[in-house]
Amino acid sequence: MARHVTETTHRLVSTPEGRIHLVEQGTGPLALLVHGFPESWYSWRHQLPALAAAGYRAVAIDVRGYGRSSKPAATDAYRMLHLVEDNVAVVHALGERSAVVIGHDWGAGIAANSALLRPDVFRAVGLLSVPYTPRGGPRPSDVFARMGGDEEFYVSYFQEPGRAEAEIEPDVRGWLAGFYAALSADTMPAPGAPDPHFVSRAGTLRDRFPAGRMPAWLSERDLDVYAAEFERTGLSGALNRYRNMDRDWEDLAAFDGAPVTQPSVFIGGSLDASTTWLADAIEAYPVTLPGLLSSRLLDGCGHWIQQERPVEVNRILTDWLAALPATAS
């Protein structure tokens with residue numbers, strides 16, 4: 001039976017290196033929601049009431065460097081180990097001992113590593129859009145440098161401090177609109193068009209964004225919410241996640257190839273490059289996610305999955321949560 005859903009509550013909670021802003025709704029077992037780039041807690045606006053109605057205490061955070069959360073100056077303050085510590089601190093600050101953790105995009109990586117490193121706290125893990133890929137292989141920056149050929153892969157483009165900021169910050173709202181459109185099912189470039197994940201030499205990412213088209217899931221008000229946050233904070237905190245991938249590779253060496261064994265769910269979009277490029281990672285789930293209860297690709301869906309297809313995503317998540325063993329809730 002669906003529960004009465006209360007209004008959302010905003011809070012700031014202390015962490016070892018600052019504060020995390022969060023938005024919570026509902027009562028019951030804790031479900032921690034972790035966003036990706038370039039988003040905020042607001043990307044979970046459709047999931048908060050749905051999970052609350054299903055009997056969960058749904059909590060969406062602003063990841064370190066975003067929104068109203070602390071934004072440390074040091075680039076290496078955004079390494080994965082620190083983001084996992086933030087998630088643990090949020091759970092404890094809320095008076096809880098354990099939580100289900102669900103992440104989208106970079107949040108999926110943060111969620112997976114939270115479950116991997118702290119199975120005592122994170123009893124189940126949901127991954128949206130970006131499949132779980134265990135630590136391993138060559139140094140990430142070397143891999144990305146080889147991907148572009150005559151062009152540059154966006155991850156490499158983001159890794160140089162100040163470079164992407166110089167493109168984005170003069171027109172945050174316009175850049176975000178183009179980036180969201182480039183990866184949305186109804187506005188992404190047609191097959192065969194220049195790939196917006198790559199940058200031409202001496203070019204910018206926005207050179208390949210769709211012009212003058214807003215995806216159906218994104219209203220002017222939604223865009224205003226996102227733009228206002230990044231206009232206030234700048235983009236360095238968000239982009240610093242990309243600038244720590246080699247540090248993460250070094251920090252997590254002891255977990256090379258390690259599976260995430262807790263009960264899990266994966267939801268991806270069939271038109272999302274994250275699921276097509278990482279198809280092998282999805283095929284490896286019997287080994288890498290042995291606790292997987294459900295894996296779904298939503299036909300005709302792009303990257304912003306919980307905003308593009310909220311009804312379907314909410315149904316999959318609430319069904320998965322209902323199927324968890326009592327100790328995993």
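**View 1. Aspartate 248 sits in helix H10.** Helices here are DSSP runs of H or I with at least four residues, strands are E runs of at least two, and both are numbered from the N terminus. This is a predicted model, where local features need pLDDT of at least 70, side-chain atom pairs count only at pLDDT 80 or more, and totals for chains, interfaces and linings use all residues. Residues are numbered from 1 along each chain as its sequence is written, and side-chain values use heavy atoms, with hydrogens and water left out. With a relative accessibility of 8%, aspartate 248 counts as buried (buried is under 20% relative accessible area, exposed over 50%, partly exposed in between, using a 1.4 Å probe and protein chains only). Skip the neighbours within four places in sequence, and aspartate 248 is in contact with Arg79, Met80 and Arg241 (contact means heavy atoms within 4.5 Å).

**View 2. Helix H3 (residues 106-117) is largely enclosed by the rest of the structure, because ten of its twelve residues are buried.** From first C-alpha to last, H3 reaches 16 Å, close to the 16 Å expected at 1.5 Å a residue (the expected span is 1.5 Å times one less than the number of residues). Among the buried residues of H3 are Trp106, Ile110 and Leu116. So what do the buried residues of H3 pack against? Look for strands E3 (30-34), E5 (99-104) and E6 (122-128), plus helices H2 (80-93) and H10 (245-251).

**View 3. Helices H2 and H3 cross at roughly 75°, with their axes coming within 9 Å.** Axes are lines fitted to C-alpha atoms, for helices over the stretch in contact, and angles run from 0 to 180 degrees between N-to-C directions. H2 and H3 are therefore roughly perpendicular to each other (65 to 115 degrees; under 35 is roughly parallel, over 145 roughly antiparallel, and the rest oblique). On the H2 side, Met80, Leu81, Leu83, Val84 and Asn87 make the contact, meeting Trp106, Gly109, Ile110, Asn113, Ser114 and Leu117 of H3.

**View 4. Aspartate 105 lies in the loop between E5 and H3.** Most residues other than glycine have a negative phi, and most peptide bonds are trans. Aspartate 105 isn't a glycine, yet its phi is positive, about 60°. Aspartate 105 is also buried, at 11% relative accessible area.

**View 5. Serine 129, in the loop between E6 and helix H4 (140-147), also has a positive phi, about 75°.** Its relative accessible area is 0%, so serine 129 is buried. One of the residues in contact with serine 129 is threonine 275.

**View 6. Threonine 275 belongs to helix H11 (residues 273-277).** Is threonine 275 buried or exposed? At 6% relative accessibility, threonine 275 counts as buried. The side chain of threonine 275 reaches the backbone oxygen of aspartate 272 at 2.8 Å.

View 7. Serine 184 counts as buried, with 0% relative accessibility. The side chains of serine 184 and tryptophan 217 make a polar contact at 2.8 Å (a pair of N or O atoms within 3.5 Å; within protein, one must be able to donate a hydrogen and the other to accept it, and residues adjacent in sequence count only if both atoms are side-chain atoms).
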